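Here is a short note for someone opening this structure for the first time. Please keep the model in view while reading the points.

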Amino acid sequence: MGTVKRLTSTFLVLGLLILGFYGKALAEPVSPPDEKRGFNPALWLVSLYRDHVSPIDGDRCPSLPTCSSYSVQAMERHGFFLGWMMTVDRLLHEGQDETKVSPVVYYEGKRVIFDPVRNNDFWWYQLDATKGNAHERLP
Amino acid sequence: MPQKAMPMNASPSGHIPFKSLLVIPVTLVALLLLPGHTLCAQITIDSDEQFRFAEQTMEKGDPLRAIVEFERFLQFFPEDKRVPNARLLIAQCYMKAKDYESGRKILNEVMNGYKGTLAGGKALFLMGESYYEQGLYEEAERYFRGVVAVYPELELKNSAVYRIGWIQMQTGKWHEASETFKNVGAGSPLFSNAQDLSAKSLGGELLPYKDPPTAGVLSVVPGLGHAYCERYKDGLVAFLLNGLFIWATIEAFHEDQEVLGGILGFVELGLYSGTFYSAVNSAHKHNRKLKNDFLQGLPDPVDLKIFATKEGHIGLALKFTF
């Protein structure tokens with residue numbers, strides 16, 4: 001029982017801290033880079049990865065856009081929580097299973113799976129034609 | 001002493017005589033007096049040629065250049081009967097170039113400027129087409145229903161009904177689609193195709209779809225939802241990753257590493273919720289693939305195309321491919 005209590009209290013404290021510090025930034029979709037609205041910890045982590053890990057680790061992502069770009073785009077469109085879930089989804093499904101349901105294209109001489117954010121939110125997110133974001137269409 | 005050679009028409013002092021200089025202006029005057037066509041080609045483009053050229057450019061698959069040519073037509077022949085048609089064709093060119101917003105801007109102008117006329121009807125129909133091409137079916141259906149309501153006497157109405165049927169298939173309303181296709185008029189060139197689709201569309205209900213909520217519920221055990229969607233490798237990865245993080249979190253708390261346990265647990269929460277999302281998403285993608293494959297197998301050989309006659313009438317061309 002002691003372990004369960006400790007687990008619950010730790011998660012509660014962590015959750016409250018994160019919501020307290022970053023509540024606004026987490027709940028709202030991230031604004032474009034030129035509009036500074038708030039600090040998003042996840043985007044900061046992604047930029048850390050892109051600036052310091054990816055150049056050494058190399059380009060190994062089999063999808064287009066790359067997973068880090070996808071993550072940024074997902075958070076820009078849907079905010080932190082959904083962006084995070086969609087990033088996890090992307091990391092899980094970037095294997096060969098995905099080629100059965102998503103188009104495979106050639107990009108810069110490489111065979112990649114075309115898997116933009118639209119490919120993964122089409123069933124619940126309605127694009128707004130009046131805002132000019134309805135240009136993405138998938139087969 | 002050697003003598004220097006002198007040109008025949010030069011004066012002994014070495015200057016060219018005035019008479020010789022006169023040759024230059026005389027030649028220039030003579031050239032100016034010549035008829036214009038001997039120096040340069042002059043062309044006269046009439047409205048027919050300009051319109052035809054713009055249409056040909058469009059047919060060649062160069063919509064952006066065709067827009068320029070149609071605009072040239074509008075600039076030089078603003079009183080021509082084909083002006084509304086040219087504007088509709090410009091809108092179509094924008095749609096071909098995937099610049100739907102620019103296309104719709106022109107269509108809106110035509111709709112407002114030619115209300116109640118055939119050109120207005122075509123503009124309304126093309127508005128629907130632009131949304132249909134973008135996959136924005138709700139908007140598209142609104143415009144096609146507008147065509148049916150406002151222009152019931154035209155062949156355009158049958159095309160709109162036909163498109164509504166396709167929208168209903170795209171959105172999984174198979175029974176409604178079947179009924180809609182029956183409403184295409186018997187005199188329409190689309191009639192036989194629509195009858196065929198009316199019967200075949202019902203097959204869309206019988207496809208082996210995956211149930212997204214079931215995939216989500218099964219994901220209580222990470223990976224099981226993926227396995228349900230026939231994505232076994234993804235399921236295995238989800239199971240292992242979640243299992244490792246849960247195990248690491250519990251171990252960290254057992255070892256009194258509460259901060260580490262908290263961080264690992266927080267990451268695992270995101271991973272776990274992402275696994276749910278992934279399973280549900282997989283089911284939707286599976287269903288989309290099934291539906292698209294089914295729709296691609298259906299007969300839709302119709303390429304709706306607007307054309308204009310020399311007299312300024314607008315026609316609707318139906319191109320059938322076999």
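Are H3(B) and H4(B) roughly parallel or roughly antiparallel to each other? The points below start there. Note that this is a predicted model.

1. **The H3–H4 pair.** Look at helix H3 of chain B, residues 47-59, and helix H4 of chain B, residues 63-76. Their axes come within 8 Å and cross at roughly 165°. An angle over 145 degrees counts as roughly antiparallel. H3(B) and H4(B) are therefore roughly antiparallel to each other. Their crossing is left-handed.

2. **What meets in that pair.** H3(B) contributes Ser47(B), Gln50(B), Phe51(B), Phe53(B), Ala54(B), Glu55(B), Thr57(B) and Met58(B) to the contact. H4(B) brings Arg65(B), Ala66(B), Glu69(B), Phe70(B), Arg72(B) and Phe73(B). By type, the residues in the contact of H3(B) with H4(B) are seven nonpolar, three polar and four charged.

3. **The H9–H10 pair.** Next, find helix H9 (residues 155-170) and helix H10 (residues 174-182), both of chain B. They pack at an angle of about 165°, and their axes are 8 Å apart. That angle makes H9(B) roughly antiparallel to H10(B). H9(B) passes H10(B) in a left-handed crossing.

4. **What meets there.** On the H9(B) side are Val161(B), Tyr162(B), Ile164(B), Gly165(B), Trp166(B), Gln168(B) and Met169(B). Facing them in H10(B) are Trp174(B), Glu176(B), Ala177(B), Thr180(B) and Phe181(B). The contact of H9(B) with H10(B) has eight nonpolar residues, three polar and one charged.

5. **The core.** Which residues touch the most other members of the largest nonpolar core? They are Phe70(B), Leu107(B), Phe144(B), Tyr162(B), Trp166(B), Met169(B) and Phe181(B), in a core of 57 residues. Phe70(B) is also part of the H3(B)–H4(B) contact. Tyr162(B), Trp166(B), Met169(B) and Phe181(B) also take part where H9(B) meets H10(B). In soluble globular proteins, nonpolar side chains tend to be buried together.

6. **Met169(B) up close.** Leave aside residues up to four places away in sequence. Met169(B) then touches Trp174(B), Ala177(B), Phe181(B), Leu197(B), Ser201(B), Lys291(B), Leu295(B) and Leu298(B).

7. **Chain B overall.** How many helices and strands does chain B have? Its secondary structure comes to 15 helices and two strands. Chain B has 322 residues, and 44% of them count as buried. Take the contacts in chain B with a separation of 6 or more: residues 24 or more positions apart account for 53% of them.

Technical notes:
Residues numbered from 1 in each chain as written. Chains lettered and ligands numbered in written order. Predicted model: local features only at pLDDT ≥ 70, side-chain atom pairs only at ≥ 80, totals over all residues. Heavy atoms only, no water. Core = buried A, V, L, I, M, F, W, Y, C linked by side-chain atoms within 4.5 Å. Buried < 20%, exposed > 50% of the residue type's maximum accessible area, 1.4 Å probe, protein only. Contact = heavy atoms within 4.5 Å. Axes fitted to C-alpha atoms, helices over the stretch in contact; angles between N-to-C directions. Helix = DSSP H or I, 4+ residues; strand = E, 2+ residues; numbered from the N terminus. Parallel < 35°, antiparallel > 145°, perpendicular 65-115°, else oblique. Left-handed = near helix turned anticlockwise from the far one by under 90°. Nonpolar A, V, L, I, M, F, W, Y, C, P; charged D, E, K, R; others polar.
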